[in-house]
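Colleague: Before I use this model, I would like to go through some of its labels with you, and to hear what stands behind each of them.

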Amino acid sequence: MKTRRELLTLMAAGAAVASTTRIWAQNSPEPAAIPDVTGPNSLRAHAEARDLLVGCAVVPEKLTGEPDYAALVASQCNILVPENAMKWPALRPAPGKFNFRGADTIIDFASAHGQKVRGHNLCWHEALPSWFAATVTKDNARQILAEHIRTVAGRYAGKLHSWDVVNEAIDPKSGLPDGLRKSPWLEFAGPDYIDLAFRTAREADPAALLTYNDYGIETDAPDETEKRAAVLALVRGMKKRGVPIDAIGIQSHLKAWNPEPGNGLRDFVRELRQIGLRVFITELDVDEKKLEGSDAERDSAIARIYRDYATMMVAEPNVDAILTWGITDRYTWLNGPKWARPDGKPQRCLPFFADYRPAPAFFALRDALDTRSAPHS
Ligand code: G3I
């Protein structure tokens, strides 16, 4: 009698090639050669050959309900991150109630496929549960935050690669001291809420790499350069106060029309290495809503951005992981109304198309992984 985990493993491993064939047969106008991108040809194999982690954000319902999606995630990733399943609304339907079903599904899937898991995220100004505004006050915010972190990080202690402990706390446009973002946590728990979150997370799970995660710090645009400096000042201050922090998450939601990342990002990663911090590329995708041209021309431009960005990043020895925010265009957040293309065409922003065929971005990312110097034997 096979356990659930053994069945999961068999299903995904066996379905990996079969599913690709099935999907292609459904979606290809004429029989097309199906490049086999599983096994030794997968992102996972190319990453592991260089001691790198590669993966994506996942949705638990699709891992259990969609074999094609599960097979793709199993074959391509050695690290996963919940897109939403570990955020407050998913975990806490009511102030005194926790629901770990989605998060546990991801942990189980990863365990069955030898994959690591990132936690995302313990403290954020967005994705606050519906009961938050009516419940949290200056008097109880610190206790509620600490209790949340102790309960959630404690439940998964020893099982996670890393936690995004605090997400997006810097926003120089706010004009607040230290470039802190105007956040309910800052308002109710005070300016040291970040320190509180990291200290509590370390106590709850000493094994997880504690990460500060943010976006809009990738290019040499003046606002991004300013934000990067504020993030660096934040982490320098934390280190000075003895606050436990191990890594920085650079979300990397790149924009196909923006100036590509340049020396500022590279220098930032090197400064982080100087102060002993690891770097994870945590939410890589390419918003191409303003790209014009044929699908092939768009795909080629997007692939080049993946190639250039990932090549620059894996050249830095303290960059350990690259996760894309989703794995197939079919489910990208960038198909939401706010990011829709003016021509109404779906975004082509991830390594796999909506029909699960590998996009040029897949091959570009895989080539970039190969540029990482092989691990010292
Ligand atoms: O689960 C509910 C469902 O029950 C309800 O019927 C439905 C309609 O209201 O909403 C569903 O929740 C949605 C959730 O995604 C799950 O689909 C939320 O409304 C929606 O706001 C949420 O959006 C997510 C967003 O973060 C906010 O949490 C996106 O999927 C997710 O891709 C996005 O990811 C963020 C990272 O966490 C942080 N970095 C930026 C990145 C992109 O915004």
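This is a predicted model: local features need pLDDT of at least 70, side-chain atom pairs count only at pLDDT 80 or more; totals for chains, interfaces and linings use all residues.

Colleague: Why is Ile107 called buried?

Modeller: Buried means under 20% relative accessible area, exposed over 50% and partly exposed in between, with a 1.4 Å probe and protein chains only; Ile107 has 10% relative accessibility and therefore counts as buried. Ile107 lies in helix H6, residues 101–112, where helices (H or I, at least four residues) and strands (E, at least two) are DSSP runs numbered from the N terminus.

Colleague: Why is Thr328 called buried, and where is its place?

Modeller: Thr328 has a relative accessible area of 1%, so it is buried, and its place is in the loop between strand E9 (319–324) and helix H14 (360–370). Thr328 touches Tyr69, Leu350, Phe352, Phe353, Ala354 and Tyr356, again without residues up to four places away in sequence. The C-alpha atoms of Thr328 and Tyr69 are separated by 8.5 Å, although these residues are 259 apart along the chain.

Colleague: How do you know the volume of the largest pocket, and which residues are closest to its centre?

Modeller: On a 1 Å grid over the protein atoms alone, a pocket is an open set of points with protein on both sides within 12 Å along at least five of seven lines, and lining residues have an atom within 4 Å of a point. A volume is the space filled by probe spheres set on the points, which are joined across faces, edges and corners, and for the largest pocket this is about 850 Å³. Of its 37 lining residues, Tyr215, Gln251, His253, Lys255 and Trp333 are the closest to the centre.

Colleague: Which element gives the most to the lining of the largest pocket?

Modeller: Helix H11 (222–240) is among the elements that give two or more residues, and H11 gives the most, with 4 residues.

Notes
Residues are numbered from 1 along each chain as its sequence is written. Side-chain values use heavy atoms; hydrogens and water are left out. On a 1 Å grid over the protein atoms alone, a cavity is a set of points where a 1.4 Å probe fits but cannot get out, and a pocket is an open set with protein on both sides within 12 Å along at least five of seven lines; lining residues have an atom within 4 Å of a point. Contact means heavy atoms within 4.5 Å.
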